[in-house]
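Dear colleague,

I am handing over a structure for your review. Please look through it first; a summary of the findings follows.

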Amino acid sequence: MLASAVLSFVIAFLAGFGRIAKNPIIRKFTGFYIEVFRGTSLIVQLFWFYYALPGLFGIDLGTDFWAAVVAISMNYGAYMSEVVRGSILSVSSGQREAATALNMSRFQRMRLVILPQAVRMMLPEFGNYLIQMLKATSLVSLIGLTDILYHGDIFRSTNLSLAPTVYLLILVFYFILALPLIWLTRWAEKQSSKGVATE
Amino acid sequence: MAEPIVRYKDVHKSFGDVQVLKGIDLDIAPAEKIALIGPSGSGKTTIIRMLMTLEEPTSGVIEVDGRPLWHMEKEGELVPANEKHLREVRGDIGMVFQHFNLFPHMTILDNCMVAPVHVKGESKEEAKQRSIEMLEKVGLGDKLDNYPSQLSGGQKQRVAMARALVMRPKVMLFDEVTSALDPELVGEVLEVIRDIAQEGEMAMILVTHEMEFARDIADRVLFLDEGTIAEQGSPEEVLENSKSERLQSFLSRFRSSSPS
């Protein structure tokens with residue numbers, strides 16, 4: 001989960017920037033990636049990375065753990081890159097112009113002026129996706145990884161009478177896991193809005 | 001006239017099918033103060049936005065201190081400028097915007113400091129000291145740690161001027177800097193511009209609707225109409241003894257509507 005969260009952030013920013021890049025080839029390429037991964041189901045992607053890729057192209061991601069991490073991050077990275085792109089574009093053009101008037105380079109404009117404002121807008125959405133991602137990890141049991149749901153299922157099959165309790169426990173587990181994420185995003189939003197009211 | 005600091009040579013600008021500027025020729029002397037007046041849509045703002053590199057001319061050449069702004073020389077020919085060339089030349093230009101465009105995520109002091117430190121590579125102490133000096137000059141020495149959202153429009157615009165001045169431009173552009181302000185805040189901003197103008201060494205181009213103010217500080221007034229410089233001369237010539245009917249009717253609209 002942590003690994004895919006980090007990786008998906010990286011992908012989100014790369015692809016988000018790719019979509020607004022000057023170079024049309026990069027733009028087309030990232031656009032294609034995003035549409036493919038948003039347009040197909042995560043379960044199918046999991047199967048692809050785990051079963052089809054090694055078989056078809058000889059690409060072996062090593063363990064099933066990494067197959068899961070890559071699939072989940074590519075999938076969520078695609079969604080989140082749209083958040084990145086949208087937030088960057090929604091910073092007013094006046095900000096970009098003021099930065100140009102101060103003779104900042106393209107890179108400085110992005111780093112000093114645009115991104116700090118765009119990140120503030122991204123945070124609530126990112127929080128959403130993080131929590132969704134956490135829950136999406138339950139799908140990895142389908143490619144043979146053991147997660148909470150998987151363990152719960154095993155336990156249930158040996159103690160059939162406890163089924164409702166087991167599923168209730170799993171729900172609680174997920175909620176407990178999600179809580180820190182919820183707190184984290186609240187904290188990050190607070191931090192980034194320090195002293196800054198909307199103009 | 002001494003070597004001009006800014007020179008427009010037959011500059012045209014179109015947005016799509018709309019021709020906004022139809023051949024602008026203009027020399028601006030160092031330290032000259034110019035007021036651009038004219039009806040909306042006449043291309044006043046476009047003229048200075050091209051000088052700030054926010055808008056690319058469709059044709060023609062703009063020179064800053066003898067160097068072409070939008071073009072660079074390569075093997076004896078003028079080719080479109082790259083980012084590096086633009087940055088080199090536009091370092092001489094500063095601009096204040098109608099809507100201030102302060103950076104909302106930075107304090108007033110950081111707004112002023114960010115460019116000297118990151119663009120010019122000055123030390124933080126040096127930049128801070130000069131930023132504070134500038135902010136004191138525009139009367140905001142007590143607001144250093146405030147954020148833009150905590151200031152009035154007039155105060156924001158004064159910060160924007162300090163921010164531009166810290167970069168020591170040779171030419172300052174003012175794009176209708178009082179148009180977005182409440183009437184009672186216009187005075188404080190004009191006061192600061194007047195101070196800057198009196199110090200002298202910087203050339204200034206003001207796009208403005210404040211005719212009284214233009215008369216006070218401008219060396220030359222340009223009347224823009226339908227994409228060309230229709231009339232120009234000293235404030236007296238243009239504002240009081242205007243030749244064309246269009247300029248007279250343009251000016252009369254101000255006389256009737258403004259109380260001053």
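**Findings**

S105(A) counts as buried, at 13% relative accessibility (buried means under 20% relative accessible area, exposed over 50%, partly exposed in between, with a 1.4 Å probe and protein chains only). The model is predicted: local features need pLDDT of at least 70 and side-chain atom pairs pLDDT 80 or more, while totals for chains, interfaces and linings use all residues. Residues are numbered from 1 along each chain as its sequence is written, chains are lettered from A and ligands numbered from 1 in the order in which they are written, and side-chain values use heavy atoms, without hydrogens and water.

**The interface**

S105(A) is found in the loop between α5 (93–101) and α6 (106–136) of chain A; helices (H or I, at least four residues) and strands (E, at least two) are DSSP runs, numbered from the N terminus. Leaving aside neighbours within four places in sequence, S105(A) is in contact with E83(B) and R87(B), where contact means heavy atoms within 4.5 Å.

Chain B contributes 27 residues to the contact and chain A 26 residues. Together the two chains bury about 2200 Å², 58% of it on carbon and sulfur atoms; buried area is the accessible area (1.4 Å probe) that two parts lose on being put together, summed over both. Of the area that chain B buries against chain A, F103(B), P104(B) and H105(B) supply 23%, more than any other three residues.

The rule finds one salt bridge across this interface, a salt bridge being a side-chain nitrogen of Lys or Arg within 4 Å of a carboxyl oxygen of Asp or Glu. E97(A) forms a salt bridge with R49(B), with the closest N and O atoms 2.9 Å apart.

**Salt bridges within the chains**

Over all chains, the whole structure holds 18 salt bridges. In chain A, E82(A) and R85(A) pair at 3.2 Å, N to O. Both lie in helix α4 (residues 64–90), three residues apart, about one turn of the helix. E82(A) is buried, at 17%, whereas R85(A) is partly exposed, at 23%.

In chain B, R246(B) and D225(B) meet in a salt bridge of 2.3 Å, N to O. This pair links distant parts of the chain, with R246(B) in helix α9 (residues 245–257) and D225(B) in strand β11 (residues 220–225), 21 residues apart. D225(B) is buried, with a relative accessible area of 7%, and R246(B) is partly exposed, at 46%.

Yours sincerely
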